[in-house]
Amino acid sequence: MSHVEELRAQYEAAGQSHVFSYWDKLSGGEKAHLERQLRGIDPAKLNDIVKNALIADEAARHEQAARVEPPPVESQVSTVGDVNAEYYREIGMKATAAGQVGVLLLAGGQGTRLGSSAPKGCYDIQLPSGKSLFQLQAERIAKLQELASQHGAQVIVPWYIMTSGPTREPTETFFREHGFFGLDPANVIFFEQGTLPCISNEGKIMLDEPGKVATAPDGNGGLYAALRAPVREGQPSVLDDLHCRGVKYLHAYGVDNCLVKVGDPVFMGVCIEKQVATGVKVVKKTDPAESVGVVARKNGAFSVVEYSEIPSSLSEARDAQGELLFRAANIANHFYTTEFLSKDVPAFEPKMAYHVARKKIPSIDLSTGERVKPSTPNGIKMELFIFDVFPFCSNLAIHEVERREEFSPLKNASGTASDNPETSRRDLLAQHRRWLEKAGATVTADVELSPKVTYGGEGLEKAAGRTFDTAQNIESL
């Protein structure tokens with residue numbers, strides 16, 4: 001039996017042999033592409049994933065109201081107003097100086113909603129400097145390395161960048177064209193989140209073309225499997241690299257937050273001090289109607305609960321201090337130990353049910369051989385969320401930080417109501433104004449402080465007594 005016949009038999013046994021419907025009509029190159037795709041799929045395992053996802057989706061739709069509770073007090077740490085921040089910063093900085101901290105960027109998103117065809121990290125929010133989100137984050141890593149090196153020898157904080165199929169090549173090209181923003185390319189590791197086949201309403205793998213399976217990204221929760229896959233064919237995985245470098249702690253975050261403190265030593269310190277395997281950074285939710293998921297306990301397990309899942313009687317409930325009971329707003333900012341990612345997550349993954357999205361998916365109509373664009377949902381896409389691992393964690397550090405200092409998401413196009421380039425620029429420049437004024441400066445214009453000058457507002461003594469009355473980017477003081 002040839003290799004292709006063995007592959008065909010595997011799909012036949014799983015009831016998915018239709019993927020070979022046009023095999024005899026394909027060119028040599030098309031056959032090679034389809035074979036590569038099909039070898040990357042375990043059809044029997046895929047059937048199980050689909051079955052479990054649909055069961056979980058059906059159960060969720062008919063579920064009685066879940067038991068939702070605020071997270072336990074002992075899991076929560078707040079450094080709002082710099083309370084205890086220096087204590088935790090010192091712990092995190094020592095770990096960084098010891099080469100034990102790495103950072104991981106979730107950068108699979110395209111800038112489609114922003115009106116851009118480039119990866120979202122390439123976006124320029126029109127700062128005085130014209131820097132992209134990627135550049136801001138790269139320069140923060142460089143500054144963090146510089147600050148940590150004050151504790152001893154030269155420090156490297158490796159940067160792992162998870163792209164998606166559409167964003168990998170343009171992201172790598174963007175970094176090369178900009179000289180990796182001054183970072184050593186050896187310490188910037190690109191890898192790719194996985195994809196899953198789109199599935200018809202009848203449970204069949206859909207074909208995008210006669211020689212191509214229709215696929216969709218497996219969600220940011222695909223991170224966990226992607227960490228174990230080779231970063232490129234024949235190369236080690238991200239986990240291999242973490243172990244090789246001796247990295248014990250990983251800070252994972254989303255690309256679309258211009259205020260993100262990359263490798264934040266305070267967050268690292270909170271999680272290290274609490275001796276947890278996983279941690280999440282949150283900001284305070286103050287409006288019960290805000291459309292944001294909150295970290296809570298759902299049926300006794302840690303979870304991120306969507307605002308729509310909490311009855312208004314609970315979402316509006318307040319504690320003795322007048323704060324919302326459910327106020328730990330999730331901002332896609334996570335801590336992991338390398339040990340947890342290596343040993344625990346593989347055991348948890350089979351229990352993590354994929355989320356189902358019913359979509360209108362262009363595909364080949366097997367009865368006619370024509371590619372059709374449906375007017376109603378004809379199939380499902382499946383994805384995992386990065387926080388789907390929380391319910392399997394016995395402990396979780398929940399670190400509350402000040403929203404105006406650490407969270408300004410970029411989701412929508414210019415001119416929309418919120419979370420757009422204007423709000424991102426406003427929030428970053430307002431932060432830099434606060435830092436300068438705290439240092440004793442007078443600021444009457446839009447002033448941007450390069451991460452080369454300061455990571456989090458430190459080192460601005462030379463600004464004392466100065467007046468900044470013209471819009472400008474400051475690369476040194």
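## A buried lysine and its partner

Lys281 is buried, since its relative accessible area is 0% and the cut-off for buried is under 20%. Keep in mind that this is a predicted model.

So what does Lys281 pair with? It forms a salt bridge with Glu406, and the closest N and O atoms are 2.7 Å apart. That pair links distant parts of the chain: Lys281 is in strand S12 (residues 278–284) and Glu406 in helix H12 (residues 403–406), 125 residues apart. Glu406 counts as buried too, because its relative accessibility is 6%.

Asp208 counts as buried because its relative accessibility is 15%, while Arg371 comes out at 43% and so counts as partly exposed.

## Out in the open

Lys438 and Asp82 are both exposed, and they form a salt bridge with 3.9 Å between the closest N and O atoms. Lys438 lies in helix H13 (residues 421–438) and Asp82 in the loop between strand S2 (76–78) and helix H4 (85–97), so this pair ties together parts that are 356 residues apart in sequence.

## The wider picture

How many salt bridges does a search of the whole structure find? The count is 31. There is also a network of salt bridges linking Arg168, Glu172, Arg176, Glu192 and Arg232.

Methods
Residues are numbered from 1 along each chain as its sequence is written. This is a predicted model: local features need pLDDT of at least 70, side-chain atom pairs count only at pLDDT 80 or more; totals for chains, interfaces and linings use all residues. Side-chain values use heavy atoms; hydrogens and water are left out. A salt bridge is a side-chain nitrogen of Lys or Arg within 4 Å of a carboxyl oxygen of Asp or Glu. Helices (H or I, at least four residues) and strands (E, at least two) are DSSP runs, numbered from the N terminus. Buried means under 20% relative accessible area, exposed over 50%, partly exposed in between (1.4 Å probe, protein chains only).
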